[in-house]
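Biologist: Please take a close look at the aromatic side chains in this model. How do the rings pair up, and where do charged groups sit over them?

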Amino acid sequence: MRSSLPSTVIAVAASTTTVIIFYLASSVFNKPRRGVAANNGLHVEIYVKGTYRNRRILDAACDLWSEPHGFFNVHVASFMAQLRFSPFWGKWGTLVNRQMERIPIPEGGEIEVEYVDPINLPKGAALSSIPVVIILHGVNGSSREPYVEQAALQVAVQKGWRAVVLNYSKIRVINNDDGKAARVLGGSNFVDGGDLSFLVSYIRKTHHDFLGAIGFSMGGAKLLQYVGRTREHCNIDAACAISSPLDYGERNVTVCNPVSLEHRVYHLMIASSLKLWILRNYNELVKHPMLRTSAPFRRTTSGLLWWLKSHQVTDIDLAVTIKAKGYSSLDQYYDDASGLERLRNDVKIPFLAIQSMNDPFIPHEIRPGQDIAKDNENIFIVNTKDVGGHVGFWLPGKGCWATKGCLSFFESVIKNMHIQPKSPKLMRQSSIAAAHYMQRTSSTQLTDYNKFIPRDSCSGNDDPATFAVKDFFQKQEKSVSSNASYSITSATTCSSSIFELGECYNEGSKLLKSRSSPARVSRVSSFCSTSSDFSGIMPLD
């Protein structure tokens with residue numbers, strides 16, 4: 001049975017390739033559509049709330065106002081983003097240093113990142129003092145995707161910044177000691193920000209200057225998960241999503257209900273790539289207790305039939321995703337993965353969303369529009385009219401227009417929002433609060449995000465949540481010894497940041513019990529018993 005699985009996938013890939021060739025042959029010679037005048041006189045529509053700050057940011061982001069470029073045929077543009085030669089083979093590849101690092105996670109497992117650093121740094125500058133941009137690839141991609149390499153080179157060569165690419169397609173299964181539950185780290189179809197939250201905290205240990213992030217396709221949805229769920233405690237200063245599907249509900253016909261030939265072809269491509277992803281991570285996925293008996297991992301006739309009959313993304317999500325992540329149904333998973341409402345209500349940093357109106361993968365109904373920009377002053381929406389496709393804002397010799405726009409946007413944010421280096425203590429507190437917000441907004445509560453903080457970002461070898469409790473109680477004892485009184489307010493009037501961080505301390509006190517004296521534990525428990533006692537104790541900013 002083991003030898004039959006790769007042959008099945010090869011057959012599916014061959015049939016998919018045949019369909020794509022015929023489809024491209026019928027469309028590549030179509031006459032390009034004429035451009036339509038946009039609201040700025042170019043082929044671009046920009047929606048943003050008209051505040052003074054936003055006007056200054058847009059005025060300085062010159063590349064966003066430039067004419068977008070890319071192949072006129074939408075399908076050629078989309079495929080050339082992934083099928084062209086590596087940009088590192090050119091001259092720019094000799095101007096950067098490229099290195100891989102595997103970063104261990106305190107709870108177990110590791111994440112894989114790739115650094116692309118400029119060789120010629122500005123005089124007197126160090127890697128720790130230049131802006132850093134995190135890059136997230138699309139579904140089943142890696143740091144070796146051409147569009148990711150192009151973005152990393154533009155960050156390192158054109159701007160002289162550091163690019164950090166997170167390879168999140170590789171999965172890690174972390175089993176509990178009792179063997180009854182497991183947590184999943186990474187994964188192409190797991191729209192979860194836990195590994196990104198850990199990477200941000202890891203970078204913030206030593207880097208306290210500007211930190212931005214760019215997400216392509218599924219990577220943009222993953223980025224929005226982190227930014228939206230951490231809210232005002234997000235440790236990223238600005239973010240960009242390029243060609244990202246932000247809704248996975250019924251309106252996303254490419255994923256849920258493909259009807260047209262165009263959507264069926266792209267749906268089949270996504271399903272085939274996810275099957276390949278399962279094979280690449282087979283040895284790791286089979287460690288999960290809920291997946292061992294699932295159809296894709298059965299070495300029986302029923303397992304073979306699943307590989308032959310399953311041609312839809314929903315089939316893969318039913319068999320793998322919801323079981324691995326602890327969701328009760330597909331609807332719960334798709335609701336949790338969708339980010340339009342988070343984009344509208346929860347994003348607290350400048351967030352740029354670039355979409356193409358002719359994107360064959362993202363239906364028009366789920367693209368963010370003018371209404372979201374009006375509701376949230378931090379949202380900048382850029383729509384191109386007749387070029388771009390899906391991550392296809394590229395032409396030979398011109399680079400990626402969307403990446404140029406993102407970097408211009410970052411430069412403008414640095415200039416107009418006066419991004420200043422932050423203290424290590426503030427970064428530590430923000431990392432703890434961000435992890436706690438990730439935990440509170442998790443619909444399954446299966447992943448302990450409080451353990452996704454590097455241990456050495458705190459003093460000693462203590463767990464970050466425990467150290468936060470110790471830090472808090474040291475302040476409490478000093479105040480008590482000086483006969484200072486705490487102001488106590490009700491939970492309804494207490495600020496949300498202090499109140500929710502107080503709950504984080506309350507959870508952390510459980511860890512402290514195993515390492516403290518009985519007398520100290522009693523003082524800890526008595527003070528953490530009411531949520532209203534945390535007002536004004538330890539502000540985050």
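Modeller: A residue counts as buried when its relative accessible area is under 20%. The model is predicted. Y333 has a relative accessible area of 5%, so Y333 is buried. Y334 is at 6%, so Y334 is buried too.

Now the pairing. Across the whole structure, a search gives 14 aromatic pairs. One of them is F198 with Y202. Their ring centres lie 6.4 Å apart, and their planes meet at 25°. Stacked means planes under 30 degrees apart, so this pair is stacked. Both residues belong to helix α5, which covers residues 194-203. They are 4 residues apart there, so about one helical turn separates them. Their surroundings can be compared by accessible area. F198 is buried, with a relative accessible area of 1%. Y202 is partly exposed, at 21%.

Back to Y333 and Y334. Their ring centres are 5.3 Å apart, with the planes at 40°.

Ring pairs link W161, F210, F380, F409 and F410.

Finally, the charges. R84 lies over the face of W394, and the distance to the ring centre is 4.0 Å. K222 places its charged end over the ring of Y168, 4.7 Å from the centre of that ring.

Technical notes: Residues numbered from 1 in each chain as written. Predicted model: local features only at pLDDT ≥ 70, side-chain atom pairs only at ≥ 80, totals over all residues. Heavy atoms only, no water. Phe/Tyr/Trp six-rings, centres within 6.5 Å; stacked < 30°, edge-to-face > 60°. Helix = DSSP H or I, 4+ residues; strand = E, 2+ residues; numbered from the N terminus. Buried < 20%, exposed > 50% of the residue type's maximum accessible area, 1.4 Å probe, protein only. Lys NZ or Arg CZ within 6 Å of the ring centre and 35° of its normal.
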